[in-house]
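Dear colleague,

Please find below the structure that I am handing over to you. My notes on it follow, and I would be grateful if you read them with the model open.

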Amino acid sequence: MPLAWCSWFFLSVWMLNIGAEISITPEPAQPAEGDNITLVVQGLPGELLAYNWYAGPTLSLTFLVASYIVSTGDETPGPAHTGREAVGPDGSLEIHGVLPGHTGTYILQTLNRQFQTEVGYGHMQVYEILTPPTVAANATALVERRDTLRLVCSSPSPAEVRWFFNGDALPVPVRLGLSADGRVLTRHGIRREEAGAYQCEVSNPVSVSRSEPLNLTVYYGPERVAILQDSTTRTGCTVTVDFNTSLTLRCVARSCPEPEYVWAFNGKARMNGQDHLNITSMTAAHEGTYTCIAKNSKTLLSGSASVVVKLSAAAVAMVIVPVPSKPTEGQDVTLTVQGYPKDLLVYAWYRGPASEPNRLLSQLPSGNWIAGPAHTGREVGFANCSLLVQKLNLTDAGRYTLKTVTLQGKTDTLEVELQVSPLE
């Protein structure tokens, strides 16, 4: 029977005789691309003459895969034959190395010795081996509570989509931001706890593939700005420091990224760019209010904290420290006064014990100083009671006495022994 006639006969007779007992199922039931599959036929009537297989929704020559003559085993390819199909004597259809394009409806048409036909229908879904999807974001660095995150999972193949956050399945609150198809994740007013690694995973019954992680940064702060001293929070309190000791104040804040720091002393900017401030030798000049200002260049927000630094009670007593401590003949030396009274009215320096004839000079409230009988022209006094002696000679060595008088009339006297080393 010629193929064209046979096919036409099958079609014309099929339109008059519709069978419903033939069933077609693929083995394996869920084939992956590249698999060899068999469309297994059950319920075939006996004494068959021929088969026609169609890969399409209707009995059309366009969809004819192959015709098979049972008595001779002859197989004739049709227009829909891809070179991978073969009809078996039992009516099955084998397909080698299936492709996603093999997905669809398959129809088997049979012809018996009475020239009657029956048809059976089956469907086969060929699943792709999925390639890794990609995750794209509208931005990978966002500002907390201000910006919106939009992530898109892209895959060339139809598949189920799952999202992962830091390696775990997406939490329920975040899943509420998914689109109907699961491929778009939207988060309005992003939160800092949502910063991390995002991945999407695509899957079908035979394949699972996950994207590379996309890392999201969420900028926030600064918050809870505080000043620490020796790891102890000192914000809003008074820090008491012993005279001539060191002090380090450190500024901390909750912020992403790390904020920029500006320090102010008594309302005036002191230093920028460091999270700490060092006072190497505490004196009365360092007493005051220290403020740390933290600024976030990404959120455009700032915060501050302040402490008051004071000398301890033990630091009230004056100390005279020669600088340098052991000057050489010809050098200058400064008898530096630390802890001088803040309510100073007048002071006087003496060579030897405090007696009027030996006075070097006196400092008055106006800032002027008056030379005394022991003044050589090489001595200069300062407002903080310190005395500069220039171009030392060996006769400058000996005892120096400082006398101070406060506004309340309190008088204090302090002595220091100056040593001058000869030139070698």
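What percentage of the 424 residues in the protein chain do buried residues make up? The share is 42%, where buried means under 20% relative accessible area, exposed means over 50%, and partly exposed lies in between (1.4 Å probe, protein chains only).

Before the details, two remarks on the basis of these notes. This is a predicted model, in which local features need pLDDT of at least 70 and side-chain atom pairs count only at pLDDT 80 or more, while totals for chains, interfaces and linings use all residues. Residues are numbered from 1 along each chain as its sequence is written, and side-chain values use heavy atoms, with hydrogens and water left out.

Overall form

The C-alpha atoms of the protein chain fill a box of roughly 150 × 50 × 25 Å along the principal axes. The radius of gyration of the protein chain is 48 Å, whereas a compact globule of 424 residues would have one near 22 Å; this radius is taken over C-alpha atoms, and the globule rule is 2.2 Å times the number of residues to the power 0.38.

The protein chain contains two helices and 35 strands. Both are DSSP runs numbered from the N terminus: helices are H or I with at least four residues, and strands are E with at least two.

The protein chain is divided into domain 1 (23-124), domain 2 (134-212), domain 3 (222-311) and domain 4 (319-418), with bounds that come from an automatic or database domain assignment. Between the C-alpha centres of domain 3 and domain 4 there are 35 Å. Six residues from domain 3 and four residues from domain 4 take part in the contact, a term that means heavy atoms within 4.5 Å. Of the contacts in the protein chain with a separation of 6 or more, 56% are between residues 24 or more positions apart.

An unreviewed UniProt entry lists "domain: Ig-like" for residues 132-217 and 222-308. UniProt positions are given in the numbering used here, feature names are shortened, and annotations may be inferred rather than shown by experiment. In the model, residues 132-217 are 5% helix and 49% strand, and the end C-alpha atoms of this stretch are 23 Å apart.

The disulfides

The structure holds two disulfides, each being a pair of cysteine sulfur atoms within 2.5 Å. With the bonded cysteines numbered in sequence order, the pairing is 1-2, 3-4.

The link of C153 and C200 is right-handed, with 70 degrees about the S-S bond. C153 counts as buried because its relative accessibility is 2%, and C200 counts as buried at 0%.

Another disulfide joins C251 to C292, at 2.0 Å from S to S. Here, too, distant parts of the chain are linked: C251 lies in strand 21 (residues 247-256) and C292 in strand 25 (residues 288-295), 41 residues apart. The link of C251 and C292 is left-handed, with -90 degrees about the S-S bond. C251 is buried at 1% relative accessibility, and C292 is buried at 0%.

Points along the backbone

The peptide bond from C256 to P257 is cis, with omega near -5 degrees, and P257 lies in the loop between strand 21 and strand 22 (260-265). The peptide bond from V323 to P324 is also cis, with omega near 0 degrees; P324 is in the loop between strand 27 (319-323) and strand 28 (333-338).

R224, in strand 18 (residues 214-229), has a phi near 50 degrees, a positive value in a residue other than glycine. R224 counts as exposed, at 63% relative accessibility. N266 has a positive phi near 55 degrees and sits in the loop between strand 22 and strand 23 (268-272). N266 counts as partly exposed because its relative accessibility is 46%.

Yours sincerely,
A colleague
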